[in-house]
Amino acid sequence: MTAFDMNQGDVYVMELKINFHERGEPQNEHEQIRCARRMLGYTQAYVAECLQMSTRQYVKYEKGEIDVGQMSFQQGINLCELLHIEIYRLITPLEERLGNS
């Protein structure tokens, strides 16, 4: 498939992935969702609405005040789909959660 076969949105997502990797990988879950949201041009209010939560609650996830793992399973899936994040990137290994890393 070439760029000519894709619609404009697909090309944008390809550019997003390239830019994401050029800037370096965010270090943790909340940085990942913040970076992805900003690169897509979404507001925190828009993402919160899509996840059916308050903007205030979403901001706490993005700031790392609440662990992303505290989201419901469905909210986590919806977040990954919305922000084009592979779900495994938001799952913290059990060893890190227990402090055995």
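Helix α2 (residues 29–40) packs against helix α4 (residues 55–63) at an angle of about 115 degrees, and the axes lie 6 Å apart. From α2, the contact is made by H30, I33, R34 and R37; from α4, by Y58, Y61, E62 and K63. By class, this contact of α2 with α4 holds 3 nonpolar, 1 polar and 4 charged residues. Two packed helices are described by the angle between their axes and the distance between the axes. Axes here are lines fitted to C-alpha atoms, for helices over the stretch in contact, and angles run from 0 to 180 degrees between N-to-C directions. Contact means heavy atoms within 4.5 Å. Ala, Val, Leu, Ile, Met, Phe, Trp, Tyr, Cys and Pro count as nonpolar; Asp, Glu, Lys and Arg count as charged; the others, Gly among them, count as polar.

This is a predicted model: local features need pLDDT of at least 70, side-chain atom pairs count only at pLDDT 80 or more, and totals for chains, interfaces and linings use all residues. Residues are numbered from 1 along each chain as its sequence is written, and side-chain values use heavy atoms, with hydrogens and water left out.

**The salt bridge**

The structure holds 1 salt bridge. E62 forms a salt bridge with R37, and the closest N and O atoms are 2.7 Å apart. The pair links distant parts of the chain, with E62 in helix α4 and R37 in helix α2, 25 residues apart. A salt bridge is a side-chain nitrogen of Lys or Arg within 4 Å of a carboxyl oxygen of Asp or Glu. Side chains of opposite charge can pair when their charged atoms come close.

E62 counts as buried because its relative accessibility is 2%. R37 is buried too, with a relative accessible area of 8%. Buried means under 20% relative accessible area, exposed over 50%, and partly exposed in between (1.4 Å probe, protein chains only).

**Around Q44**

Q44 belongs to helix α3 (residues 44–50). At 25% relative accessibility, Q44 counts as partly exposed. Leaving aside neighbours within four places in sequence, Q44 is in contact with R37, T55, Y58, V59 and E62. That list includes R37 and E62, the salt bridge partners. Q44 and V59 are 15 residues apart in sequence and 6.8 Å apart in space, C-alpha to C-alpha. S54 and Q44 are 10 residues apart in sequence, with 9.6 Å between their C-alpha atoms. S54 sits in the loop between α3 and α4.

Phi of Q52 is near 55 degrees, a positive value in a residue other than glycine. Q52 is exposed, with a relative accessible area of 73%.

Q75 is found in helix α5. Leaving aside neighbours within four places in sequence, Q75 is in contact with L51, Q52 and M53. Q75 counts as buried because its relative accessibility is 16%.

**Loop between α5 and α6**

H84 lies in the loop between α5 and α6. H84 has a positive phi of about 60 degrees although it is not a glycine.

I87 lies in that loop, between α5 (73–83) and α6 (94–98). I87, Y88 and I91 make a nonpolar surface patch of about 320 Å². Patches are made of residues with over 30% relative accessible area and no salt bridge; like charges are joined within 9 Å, nonpolar side chains (Val, Leu, Ile, Met, Phe, Trp, Tyr) within 5 Å.

| Residue | Relative accessible area | Class |
|---|---|---|
| S54 | 39% | partly exposed |
| H84 | 41% | partly exposed |
| I87 | 38% | partly exposed |

**The chain as a whole**

The chain has 6 helices and 0 strands. From the N terminus on, the elements run α-α-α-α-α-α. Helices (H or I, at least four residues) and strands (E, at least two) are DSSP runs, numbered from the N terminus.

Of the 101 residues in the chain, buried residues make up 31%. Among contacts with a separation of 6 or more, residues 24 or more positions apart account for 53%. The chain exposes about 7000 Å², and carbon and sulfur atoms supply 50% of that area. Accessible areas come from the Shrake-Rupley method with a 1.4 Å probe; for residues, only the protein chains shown count as cover.
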